[in-house]
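Please look over the sequence and the structure below before reading on.

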Amino acid sequence: MNEIQALLLGLVQGLTEYLPVSSSGHLQIGQMLLGIDPEAGGLTFDIVVHVATVLSTLVILWKEIIWIFKGLFKFQWNDETKYTLNILISMIPVGVVGLCFKDQVEALFHGTLVVGVCLVITSLLLALTHYYQPKEKENISKRDAFIIGLAQACAVLPGLSRSGSTIATGLLLGNSRKSLAQFSFLMVIPPILGEALLDAKHIIAPSAEYLAEHGATVAIPTLSLIVGFIAAFVSGCIACKWMINLVKKCKLIYFAIYCAVIGCFTIAYSLL
């Protein structure tokens, strides 16, 4: 992977991480269109650009994060503590899947055909929010946080949008758009940073065993990783701020149409 390819894929990751269109699916589609072998060190690149977009979340939502920590350090049961508890509850499903079933999921579900099918599923889920709109409630309950966490766990499948799944699930449960946009972006920070910390030593100096275990054949040049990281971070900052406002005002049916078109294209391309 050269620097230009890393730049393009970093931009794709940053722009699609917060839109309900699946960043992992678009990364695979981008690699396919650029003629990049996804097995050639792709896992390392994916982790690096995902960490970049998580850091962009920290930058854009720094006021909310400070609000949470200020409340926690009061050491009392308050709104901030309740919010943090909901985030922790939402992490349970993805934690179980990540620790116990990640390798099995990656082995069973991979390739552009799976991406295409999952993009169509994302489209159907987003479209459902357009036709079913329950009575809105302001606060996310513990039960809803867990169900939204289940949606996030399902989104480990490539092409099934994490933000699309979590936001759509929350809307179908009757949660407000304003609370969901913020909650959806904050709840992904701990799992991705945790995964990145576990794989940090492999990112810095990937061993032959690590590359072989993950099906990779070569290590990506350090400069390409840096370019991809910067591109994903900058575009992620822009997309995160834009998406928060977009979720509050815009109907998700337009993203449903987009995912359906891209999904069908990807399915046709993979079959041909």
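How many residues has helix α14, and how far does it reach from its first C-alpha to its last? Helix α14 (residues 253-271) has 19 residues and reaches 27 Å, close to the 27 Å expected at 1.5 Å a residue, where the expected span is 1.5 Å times one less than the number of residues and helices are DSSP runs of H or I with at least four residues, numbered from the N terminus. The model is predicted, with local features needing pLDDT of at least 70 and side-chain atom pairs counting only at pLDDT 80 or more, while totals for chains, interfaces and linings use all residues. Residues are numbered from 1 along each chain as its sequence is written, and side-chain values use heavy atoms, with hydrogens and water left out.

The charged side chains come next. A search of the whole structure finds two salt bridges, each defined as a side-chain nitrogen of Lys or Arg within 4 Å of a carboxyl oxygen of Asp or Glu. Lys-137 forms a salt bridge with Asp-144, their closest N and O atoms being 2.8 Å apart, and Arg-143 also bridges to Asp-144, with closest N and O atoms 2.8 Å apart. Asp-144 is buried, at a relative accessible area of 0%, whereas Lys-137 is partly exposed at 31% and Arg-143 is exposed at 52%.

Terms used. Helices (H or I, at least four residues) and strands (E, at least two) are DSSP runs, numbered from the N terminus. Buried means under 20% relative accessible area, exposed over 50%, partly exposed in between (1.4 Å probe, protein chains only).
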